[in-house]
Amino acid sequence: NAPKGVEFNSNADVIVNMLPPYHTDQMFVGQYRTCFTMWESTVLPQRFKSWLKVYDEIFVPCTHNLELFSGHHPKVRLVPLGVDHKVWRPIARPDNPRFRFHAGGSLWLRKGLDVVLEAFKLAGLDAELHLKISPEARDVSVLNLPDNVFVHRQWFTADETFNWFNQADCYVSATRGEGFGLMPLQAMAMGIPVIMNASSGQNDFAYLGSIVVGHKPATSIYGGDWDQSDPKELAEAMTDMVTNFERYKTAAKNQVKDTQVWSYKNAARKLVEALPVGGLLVDPKRIELSVKYQVVVTRT
């Protein structure tokens, strides 16, 4: 939804499609067509590649995607996402009775939640692990969980999402692939210590992480490679976080100001600066899109 006072005109001669390239139904002859999109592995799906030629320019939010998409389109620009610091901000809260690690994302496998769970079990800490996934996630294996691991599968409101983040002592992201990776950055903006890897989109802001663990290439279920972190190394990082929590907590609070470079305001400014100055089409005529693409069915 557009902010109050902002209206979009369907006759504009510059458009930004902020979806996968093949999700579009509004293009006119003479429009300057941009697509703001992303991908998480090292190989683009065929349906992405087939549709990219429809656009005059491609916007992507991270260096990983700049390199990836530049192999398939002559004009690709880096326009990062950002955090709304009016929402994601430090606020006071009581201490947890038991240390809490939080991790989350819409998909179990790509977000590396299985790695986080395995690491947490290996660490054997007197702590809790809270995992947030969407209700529709299918690639979930969470049977026989210890009594200190909690899975939240319900949809959250905006306030519930903020409160869930704010209950964490530490946020963990051992993702296998990100187009950008907002969740750890949101935690950082709240002054919460973050354990993360520098996979794909997260690599651009990993320098702000409290502890950064390694990763190695692994075959992606979507084609190409994505990243795999070692549960043993992550378990050691989680133990270090609990053991030296006061030091990490103080450093995270002092570093909140450094997240301002990744603010929503800066992201919006960079997007506007990237767009050409436009006007309105006098006599818009819809383009009949015809793109050939390949359908691949994978059975597992």
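These are my notebook entries on a predicted model of one protein.

**Entry 1. The whole protein**

I began with the overall make-up and found eight helices and twelve strands in the protein. I then looked up the radius of gyration, which is 21 Å, close to the 19 Å that the globule rule gives for 300 residues, so the protein is as compact as a globular protein of that length. Along the principal axes, the C-alpha trace spans about 65 × 45 × 30 Å.

I next turned to burial and surface. Of the 300 residues, 48% count as buried. The accessible surface comes to about 15900 Å², and carbon and sulfur atoms hold 52% of that surface.

Among contacts with a separation of 6 or more, 60% join residues 24 or more positions apart. As for charge, the protein has 32 positive and 32 negative charges, and their mean positions are 3 Å apart.

I examined helix H4, which covers residues 158-166. Its buried residues are Phe162, Trp164, Phe165 and Asn166. I asked what covers these buried residues of H4. The cover includes strands E5, E6 (127-132), E7 (149-152) and E8 (170-173), together with helix H5 (182-189).

Is Thr157 buried or partly exposed? Thr157 is partly exposed, because its relative accessible area of 44% falls between the 20% and 50% limits. I also looked up its distance from Asn9, a residue 148 places away along the chain: the two C-alpha atoms are separated by 30 Å.

I located His102 in strand E5, which runs over residues 99-104. His102 has a relative accessible area of 0% and is therefore buried. A polar atom of the His102 side chain lies 3.0 Å from the backbone oxygen of Trp164, and Trp164 is one of the buried residues of H4. Leaving aside neighbours within four places in sequence, I found His102 in contact with His130, Trp164, Gln167, Ala168, Cys170, Tyr171 and Val172.

Ala168 counts as buried because its relative accessibility is 2%, under the 20% limit. With neighbours within four places left aside, its contacts are Arg93, Arg100, His102 and Ile192. I looked up the separation from Arg100 as well: Ala168 and Arg100 are 68 residues apart in sequence, yet their C-alpha atoms are 5.4 Å apart in space.

**Entry 2. Two further loop residues**

I placed Gln31 in the loop between strand E1 (14-17) and strand E2 (32-36). Gln31 is buried, with a relative accessible area of 3%. Which backbone atom lies 2.9 Å from a polar atom of the Gln31 side chain? I found that it is the backbone nitrogen of Phe28. Beyond its neighbours within four places in sequence, Gln31 is in contact with Ser10, Ala12, Asp13, Ile15, Gln26, Asp56 and Leu281.

Last, I looked up Ser200, in the loop between strand E9 (194-197) and strand E10 (211-213). Its phi is near 40°, a positive value in a residue other than glycine. Ser200 has a relative accessible area of 10%, so Ser200 is buried.

Note on methods. Residues numbered from 1 in each chain as written. Predicted model: local features only at pLDDT ≥ 70, side-chain atom pairs only at ≥ 80, totals over all residues. Heavy atoms only, no water. Helix = DSSP H or I, 4+ residues; strand = E, 2+ residues; numbered from the N terminus. Buried < 20%, exposed > 50% of the residue type's maximum accessible area, 1.4 Å probe, protein only. Polar contact = N/O pair within 3.5 Å; in protein donor to acceptor, adjacent residues only side chain to side chain. Contact = heavy atoms within 4.5 Å. Rg over C-alpha atoms; globule rule 2.2 N^0.38 Å. Areas by Shrake-Rupley, 256 points an atom, 1.4 Å probe, with all protein chains shown as cover. Lys, Arg positive; Asp, Glu negative; His and termini not counted. Charge placed at Lys NZ, Arg CZ, Asp CG, Glu CD.
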